[in-house]
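Biologist: Hi! Could you walk me through this protein, one piece at a time?
Modeller: Happy to, let's look at it together.
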Amino acid sequence: MRITERPLPADSLLALHNPPAAYHDCFTADVAGAVTLPAYIAAFYNSAAFRPERWALRLIGAKLPGGLGAAEVAALASGEANTFAAWSVEARTDTEILLRDFQGRTCSWLKAEPLASDAPTIARTTRLYFGSGVRQPDTPIFKILMPVHRWYAKALLRSAIG
C-alpha cells in the first residue's frame with residue numbers, strides 16, 4: 001500500500017483548528033471500497049502499530065481524560081465518546097475527526113473521503129488521511145523526534161489499512 005505525503009487541505013479540521021505557525025503534516029492512502037470514518041477510527045486505534053502507544057499511555061494512567069481499550073475505541077468511532085486515552089475530540093464531521101491531546105500541544109486528524117469514479121463498474125475508492133499538528137514546533141525535542149514521527153505516522157496509516 002502506497003502512503004503519500006500531501007499538502008494539508010485548507011478546509012480540513014486540522015487546518016481550521018490550528019494556528020498557521022503550527023506544524024502540520026498530511027499522509028494519505030487510497031483504498032478500494034467504501035470506508036466510513038467510524039470504520040477508519042476503529043481500524044486506526046486498534047491497529048498493531050498503535051498498540052505500543054497504548055501500552056505507553058497506560059504508564060501515564062490517571063492523567064488521561066479517557067480510557068484506551070477496545071470499548072473506548074468503539075465509543076469514539078461511533079461518536080458516543082468525546083475522549084480516548086490522551087485525546088479529546090475538538091471537532092468532528094461525517095468524514096473527519098480532530099483530537100487534541102490533554103495538554104493542548106498536539107493533535108491527530110483522521111479523514112475518510114470517498115473518491116468519485118467515472119466508471120460505475122469499478123469499486124469505489126476511499127482516500128484515508130492521517131495528519132498531526134504541533135502548536136510549538138520550534139522546540140529542540142520536536143526537531144530531534146521529527147524523523148521518527150514521520151516514520152511512525154506512515155506506519156500507523158499503513159497498519160490501519162491492514
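Biologist: Where is Ser132 found?
Modeller: Ser132 is found in strand E8, residues 125-134. Helices (H or I, at least four residues) and strands (E, at least two) are DSSP runs, numbered from the N terminus. This is a predicted model, where local features need pLDDT of at least 70 and side-chain atom pairs count only at pLDDT 80 or more, while totals for chains, interfaces and linings use all residues. Residues are numbered from 1 along each chain as its sequence is written, and side-chain values use heavy atoms, with hydrogens and water left out.

Biologist: Is Ser132 buried or exposed?
Modeller: Ser132 is buried, because its relative accessible area is 7%. Buried means under 20% relative accessible area, exposed over 50%, and partly exposed in between, with a 1.4 Å probe and protein chains only.

Biologist: Which residues is Ser132 in contact with?
Modeller: Leaving aside neighbours within four places in sequence, Ser132 is in contact with Leu14, Tyr23, His24, Asp25, Cys107 and His149. Contact means heavy atoms within 4.5 Å.

Biologist: Cys107 is on that list. How many disulfides does the structure hold?
Modeller: The structure holds 0 disulfides. A disulfide here is a pair of cysteine sulfur atoms within 2.5 Å.

Biologist: New topic: where is Ser108?
Modeller: Ser108 sits in strand E7, and it is buried with a relative accessible area of 12%. Outside the four places on either side in sequence, Ser108 is in contact with Tyr45, Trp87, Ile97, Leu98, Leu99, Phe130 and Gly131.

Biologist: And Ile97, which strand is that in?
Modeller: Ile97 belongs to strand E6, residues 96-101. Its relative accessible area is 0%, so Ile97 is buried. Among the residues Ile97 touches, not counting those up to four places away in sequence, are Leu13, Leu37, Ile41, Ser108 and Leu110.

Biologist: How many residues has the largest nonpolar core?
Modeller: The largest nonpolar core has 30 residues, and Tyr40, Tyr45, Phe84 and Leu110 have the most contacts inside it. Such a core is a set of buried Ala, Val, Leu, Ile, Met, Phe, Trp, Tyr and Cys residues joined through side-chain atoms within 4.5 Å. H2 gives the most to this core, with 5 residues.

Biologist: Last one: how much space lies in the largest pocket?
Modeller: About 950 Å³ lies in the largest pocket. Of the 31 residues that line it, the closest to its centre are Glu53, Thr106, Val134, Leu145 and His149. On a 1 Å grid over the protein atoms alone, a pocket is an open set of points where a 1.4 Å probe fits, with protein on both sides within 12 Å along at least five of seven lines, and lining residues have an atom within 4 Å of a point. Grid points are joined across faces, edges and corners, and the volume is the space filled by probe spheres set on the points.

Biologist: Which helix gives the largest share of that lining?
Modeller: H5 does, with 9 residues.
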